[in-house]
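Dear colleague,

Please find the structure below. My notes on it follow.

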Amino acid sequence: MSLADFSGPIAIDGPAASGKSSVGQALARELGFAFLDTGLMYRAFTLAALRSGVAAADEGACERLATAIRLGVEADGDTRILLDGEDITARLRDPEVERNVSAYSAIAKVREAMVRQQRTIAASGRTILAGRDIGTVVLPNAPLKLFLTAREGERARRRSGQSAEWGTTQAHEAARDDIASRDRIDSGRLASPLRAAADAVIVDTSEMTLEAVVAYALEKVKCAAA
């Protein structure tokens, strides 16, 4: 099978600010694939819950909300999320969403609802999905699984820079505290904890440029296509 015949899907996992979205988007452009940042779906649910006054501690209400909302996902190019017909993509990096997304993402029934939709998207064609449980839960049979990681300090530096792009500001120490907190919650939750799949290619991006990571990933795609 040639690279042109490789149809994926590709799973990219890793902790916050490890480079999943940047690498996934760039790799999708190189391959002509669709890209889905699954984390935005959990952010969309978080925004919906905050708007509705539904607390993460009320798992029953969260389950009902997860089945009631209409979540639209457009994965061509940059991922766009529609909530009940409203494009909320620009709101998904709001500080309140950032602070609460891990708590809502830990709810099993919320994850089940999101995973069903993610699998449907992946089955529709040549796709790259990025998240925290893609290789372990969403697409356990994906022919290529990448797990990106980086030192905590480096991830905090990246998140501080990203916050300016998103129209917010976050100091390095605040970013580091947020990342450490999310790592604890994401790795310790009972439902789909953050971990590398046994057959994932683990890539430490701490000292790598985006271009270098994408080039390495392309080599792994070629191996998977062979």
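Does Phe6 count as buried or exposed, and at what relative accessibility? Phe6 counts as buried, because its relative accessibility is 2%; buried means under 20% relative accessible area, exposed over 50% and partly exposed in between, with a 1.4 Å probe and protein chains only.

This is a predicted model, in which local features need pLDDT of at least 70 and side-chain atom pairs count only at pLDDT 80 or more, while totals for chains, interfaces and linings use all residues. Residues are numbered from 1 along each chain as its sequence is written, and side-chain values use heavy atoms, with hydrogens and water left out.

The structure holds two aromatic pairs (rings of Phe, Tyr and Trp, the last by its six-membered ring, with centres within 6.5 Å; planes under 30 degrees apart are stacked, over 60 edge-to-face, the rest tilted). Phe6 and Phe33 are stacked, at 6.3 Å centre to centre and 5° between the planes. Phe33 is also buried, at 7% relative accessibility. In the pair of Phe45 and Tyr104, the ring centres are 6.0 Å apart and the planes stand at 70°, so this pair is edge-to-face. Both Phe45 and Tyr104 are buried.

Arg155 likewise deserves a note. Arg155 counts as buried, at 5% relative accessibility. Leaving aside neighbours within four places in sequence, Arg155 is in contact (heavy atoms within 4.5 Å) with residues including Pro15, Ser18 and Asp183. The C-alpha atoms of Arg155 and Asp133 are separated by 19 Å.

Yours sincerely
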